[in-house]
Amino acid sequence: MENELYKIRSFLIGVAESGAARVLKDYNPKGDRLTQRQAFEFFKQRDTQFGGEFTHGEAWVRRMVEEGHLHPVRLGKAKNSPLYYSKAELLAVRAACDAYEMGIFNGTKL
C-alpha cells in the first residue's frame with residue numbers, strides 16, 4: 001500500500017510542476033525556452049536533485065522527439081540555429097512517462 005501511495009504522490013507532484021510551468025509559460029513565454037544543451041542539463045539536475053538516478057538524459061530527450069512527444073522549435077532560419085524546448089512540455093512529458101512506467105493507470109480505461 002505504501003508503495004502505491006508513493007507512486008500516486010510522485011505522479012501528482014509531477015502534474016503540479018507541469019501545471020505551474022504552464023502558468024509561467026503563459027506569463028513569460030521567453031522564460032519557458034531552453035536550448036537543447038540546457039534541456040539535457042535541466043533533467044540531469046532534476047533527476048539527481050535528491051540523490052535519484054540520472055535517467056532522463058540526452059538519449060531520453062532525443063527518443064521523445066523521435067516518438068513525437070516533444071516538439072523543439074528552431075527560431076532562426078539557419079540550419080545551425082539552436083533548437084529550443086519548452087520547460088512546460090518537458091515536465092508534462094516526463095510526468096506522463098513516469099506515470100506510465102509506474103503503472104499509475106493500469107486497470108483503467110485510459
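This is a predicted model: local features need pLDDT of at least 70, side-chain atom pairs count only at pLDDT 80 or more; totals for chains, interfaces and linings use all residues.

Colleague: Fine. How far is the backbone oxygen of A78 from a polar atom of the side chain of S81?

Modeller: The two are 2.8 Å apart. The S81 side chain also reaches the backbone oxygen of G76, at 3.4 Å.

Colleague: Where does S81 sit?

Modeller: In the loop between β2 (73-74) and β3 (83-86).

Colleague: Is S81 buried or exposed?

Modeller: Buried, because its relative accessibility is 11% and the cut-off for buried is under 20%.

Colleague: Which residues is S81 in contact with, leaving aside neighbours within four places in sequence?

Modeller: R74 and G76. R74 also has a bridge partner in β3, namely L83.

Colleague: How many bridges join β2 to β3?

Modeller: There are 2, and the two strands run antiparallel.

Colleague: Switching to the sheet, what is the strand order?

Modeller: β1-β3-β2, an open sheet of 3 strands with antiparallel pairing. β1 (33-35) and β2 are the edge strands, each pairing on one side only.

Colleague: And which helices lie across β1 and β3?

Modeller: Helix α2, residues 36-48, does, running at about 100° to β1. Helix α4, residues 87-102, lies across β1 and β3 as well, at about 60° to β3.

Note on methods
Residues are numbered from 1 along each chain as its sequence is written. Side-chain values use heavy atoms; hydrogens and water are left out. Helices (H or I, at least four residues) and strands (E, at least two) are DSSP runs, numbered from the N terminus. Buried means under 20% relative accessible area, exposed over 50%, partly exposed in between (1.4 Å probe, protein chains only). A polar contact is a pair of N or O atoms within 3.5 Å; within protein, one must be able to donate a hydrogen and the other to accept it, and residues adjacent in sequence count only if both atoms are side-chain atoms. Contact means heavy atoms within 4.5 Å. Two strands pair if DSSP finds at least two bridges between them. Axes are lines fitted to C-alpha atoms, for helices over the stretch in contact, and angles run from 0 to 180 degrees between N-to-C directions.
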